[in-house]
Amino acid sequence: MKRSPTASSCPLTLCFLSVIDPPLQQILAGGYFSGYRCVKVSHMLGPLRPSFAAPLYSHRTVNGGGGAIGEQPLSKIALHKAVLALRESTSVKAYPSLLGLKGEDMEWVDVELEHTEPSENDWVGVFSPANFNASSCYQESDSEMLSPYICSAPIKMTVTWTSGYNIDEAIPFVEWGLKGHQQGRTPGGTLTFKRNCMCGSPARTVGWRDPGFIHRFFEGIVAKHQVMYIYKLGHILNNGSYIWSKTYSFKSSPFPGQDSLQRVIIFGDMGKAERDGSNEYANYQPGSLNTTDQLVNDLENYDIVFHIGDMPYANGYISQWDQFTSQVEPIASAVPYMVASGNHERDWPGTGSFYDTPDSGGECGVLAETMFYVPAENRAKFWYSTDFGMFHFCIADTEHNWREGSEQFKFIEKCLASADRQKQPWLMFAAHRPLGYSSNDWYAQEGSFEEPMGRDNLQRLWQRYKVDIAFYGHVHSYERSSPIYQNKCVNSETSHYSGTVNGTIHVVAGGGGSHLSAFSPVNTTWSLHKDYDFGFVKLTAFNHSSLLFEYKKSSDGKVYDSFTISRDYRDVLACVHDGSHRIVNGGGDAIGEQPLSKIAIHEAVLALRESASVKAYPSLLGLKGEDIEWVDVELEHPEPSENDWVGVFSPAKFNASSCYQESDSKMQSPYICSAPIKIVARTHTFVLQPKLVAVSNYISFANPKAPLYPRLAQGKAWNEMTVTWTSGYNIDEAIPFVEWGLKGHQQGRTPGGTLTFTRNSMCGSPARTVGWRDPGFLHTGFLKELWPNTRYTYKLGHRLNNGSYIWSKMYSFKSSPFPGQDSLQRVIIFGDMGKAERDGSNEYSNYQPGSLNTTDQLIDDLENFDIVFHIGDLVYANGYISQWDQFTSQVEPIASAVPYMVASGNHERDWPGTGSFYDTKDSGGECGVLAETMFYVPAENRAKFWYSTDYGMFHFCIADTEHDWREGSEQYKFIEKCLASADRQKQPWLIFAGHRVLGYSSDKWYGMEGSFEEPMGRESLQKLWQKYKVDIAFYGHVHNYERSCPVYQSTCVNSEMSHYSGTINGTIHVVAGGGGSHLSAFSPVNTTWSLFKDFDFGFIKLTAFNHSSLLFEYKKSSDGKVYDSFTISRDYRDVLACVRDGCEATTLAS
């Protein structure tokens, strides 16, 4: 038995009970007793007041918990229904009956049982108080509590440092001093709390137990560091006598920066357990005693402990705190026992906790804040900093808001910034919930691999201030990441790290004792070591340059994972990158390989034969103004081979010596400039020294400079349409214009502007070297003051200097509806289409196998949609300029008839050192120049490719994911302004789109990086989507189709799947990147928010019938049929309705 300090006159009793009927179930399995007979009652034991605790129900947190973990079988033993069946022949005896005669805090009690008719269902329970009465149970309205439960159920006993003495009975103090020297005394403060301090049930009802009094002693300034002190607790009673505890000892902390051996223990989620094997409330911490015992046995070999949340799992059953403090007393009495707040200490709805769950059982932080001291400015806000020699610790409170702009965020930055790294080189961050990285199965299913919104704001602080290691609990297992920043491993080492601090190591150490948490089946790229077992972490700082990390199992105390860090102060000062390098698009390793570019024609061997020939006809194309014509090719060869091939070369008279050269280790002369632009071959195994067997006649167009490939786009005003086209005419040769007007009426003319770019406009190779091709000239005309929903005709013209005209063929388009106009409006959305050859020949960047299917489906259905959004990765030219002509030719039937709106993708924009957010070479040196020139978008600055546009009842906000979108950036301000500017009465359908997945995606690569989004994607933006009630957010980049539920903060907020009506309480996220490029695999994790996935090529169609009805359809490119759909029906009042984080401020003023 363990002593409880709160009672001197409340004895306990034991009851021997037997089953009446079969309803009695196994107590250890979590069942309950509905009928039993009390066979024998023991004598009373005293003076003791054993305590008990456990929740009657539990709510899941994101820690991998099982379904029935919160069930409390002992609480459901309804003693008020007991049947008395006392027998002379049956007895239960406990001895000794008086405990603690020598000041012991714990003593074993022997129990003797005798029963003439024993049964497997018999049991013995410990009850306290001994003279209990169910009628005295405190009642409160709670549908999940059935009277009387705990207050008349058997319990187990605990001990605590608290006392039963109030300040009016005795004065508390500590007597302490250097070991072997005269001792001094320091008075202690006294605290307690009452039932009414609890926030809800069970803490204020069936779980309540008087906690006694908690005393706080401040032992003042110790003059010497790392010196052994002794102390004991005392109370001066009113009669002048003393009550003493036994004597304890501790070693004082080292001076900040002191160079000495310093050892730290870190773990979370330990809980408590019974040493006698009996059941108890909240009995689901099977590893608790192992962890405790390992630490007790090794007490001489560490200096401070951090228990980072979820301490006793009392969950509202107050006496369990006594049991926990009794269990950790050998540790906490000898070394500083620092704690953090967890969900089982703090969370309760409507009390200011960040998570609105009842996990604390109504304690709402009161117990943790009172039972343990932390050096916080306000202990109701459980964040604090503390120094221990060469360590600086910043302890966060994950149960309060940590996001940017919050009070805690400011504290965290201040704490990290305050570390003097010359004195305290080892900077540690710790918190209960994983705000960094975790492969926990629950997190994976929620698609985050972190606490939702966890690392979004904090990771840039960790990086900026060079945090060495971040520790977390909550997930009941062990895991260590590589040094990581923005989901990217920044150091390939696994066991020794030296030099610059270029990323933070994230460690989950939540295996202190509570039930274990399963890992996700996804092997995340950043996870280096996992252990599904109980354990703890030990840090050893040998000096300012050397740190040892060890993970030890609780079962045997042996080391199962370790690493070392070695570095100097200059390594902490060194500059590191505050950006992300790698893209996440599910691409394969060899996708960028250009096999045709490696046909070295300059090394060809002449082997011309009279008997071999290749002929192409017709040789003159475009005689009737055609832009595209088929060419027939005839081959003759007396000795055919599987390795023969036919290639198309342009220009016809090429010379390898004219190839532009630039220093690039990856480029070998002469490559593209003398290679075929397309080939037909039986195999794709190309020899480095080809034999030239035959050469065809020349082929050309009648007017190679003629205007080509018109691309329509919305202008900056709703009644403006722009037309962009390509020609060979510079402004000094001919004046470009558009002749246009209402169909069947007189036509007018609008001049066109002319742009081009040179090789030096490109940012790198291949675009400025072997991939360069003169693009001709790009012209744009602005057709203004259009009538809404009206058919116009147009054609492209050039007036030559001699007064003659060059014309394109005639085209037509229908102007946009008036903003808010109630008419049928249809939108197509997709990303990542690329281009392909219709004749089956190979070409550069030939990895968009679905491209033609998507194109052809849209061409065939051209009469049934009004506008297209191609959201990034348009061509996949990757620096091979001529591919843009091929793409604009392919989409010309669409882009010449309806507005073809585009977004910027990584294959258009990204290049190191050019201002792109991602420092990759995905654009092949184009760095956005081609996309910004070849297509018009109504952006204020087309080098910043974000813009808004209206189409009738739709309002579109198009983001540029290749520029910074995070809070505080220029683009973030634009996005908020764009979303806020939507007049939802006129334009009820608010759509957000960007290339990379800033929302949710089950892509395999995202899963392996543990984000299920573009790293840092939704962190800043989701509050804007929620605040302004965005209906649907669209993305490309991932080459498949996926639709989420309406979701906010990784949680589905609507259970419907095919029809949504009423209030907008979350945004639907759609990946539509299956336009044509190679498909991207899905993660094996079935994320909770994902409703529909398709590993195929396809596109989206939105149909707004009116202001209240929207139809969403996903169609496959292979057949144009609908494979997924839903509808939205709502009124304007539904848009105005208040939702979580989407409400305007209100006032009580009249």
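Visitor: Why does leucine 608 count as exposed?

Guide: Leucine 608 counts as exposed because its relative accessibility is 55%. Here buried means under 20% relative accessible area, exposed over 50%, and partly exposed in between, with a 1.4 Å probe and protein chains only. A word on the source: this is a predicted model, where local features need pLDDT of at least 70 and side-chain atom pairs count only at pLDDT 80 or more, while totals for chains, interfaces and linings use all residues. Residues are numbered from 1 along each chain as its sequence is written, and side-chain values use heavy atoms, leaving out hydrogens and water.

Visitor: Where does leucine 608 lie?

Guide: Look in the loop between strand S28 (605–606) and strand S29 (613–617). Helices (H or I, at least four residues) and strands (E, at least two) are DSSP runs, numbered from the N terminus.

Visitor: Now a helix, please. Which residues of helix H1 are buried?

Guide: First, a general idea: an α-helix has 3.6 residues a turn, so residues three or four places apart point the same way. In H1 (residues 288–297), the buried residues are Ser288, Leu289, Thr291, Thr292, Gln294 and Leu295. They pack against strands S12 (262–267), S25 (535–541) and S26 (546–553), and against helix H2 (320–332).

Visitor: How do I read a sheet? What is the order of the strands in the one that holds S47?

Guide: Start with pairing: two strands pair if DSSP finds at least two bridges between them. This open sheet of seven strands runs S47-S46-S44-S57-S58-S59-S54, with mixed pairing. Strands S47 (900–903) and S54 (1059–1061) stand at the edges with a single partner strand each, so one side of each has no neighbour in the sheet. From one strand to the next, the twist averages 15°.

Visitor: In which sense do S58 and S59 pair?

Guide: Strand S58 (residues 1109–1116) and strand S59 (residues 1122–1129) are antiparallel partners over seven bridges. Serine 1109 stands opposite serine 1129 in S59.

Visitor: Which strands does helix H9 lie across?

Guide: Helix H9 (residues 851–860) lies across strand S44 (825–830), strand S57 (1098–1104) and S58, at about 30° to S57. Axes are lines fitted to C-alpha atoms, for helices over the stretch in contact (heavy atoms within 4.5 Å), and angles run from 0 to 180 degrees between N-to-C directions. Helix H10 (residues 883–895) also packs on the sheet, touching strand S46 (867–871) and S47, and its direction makes about 135° with that of S47.
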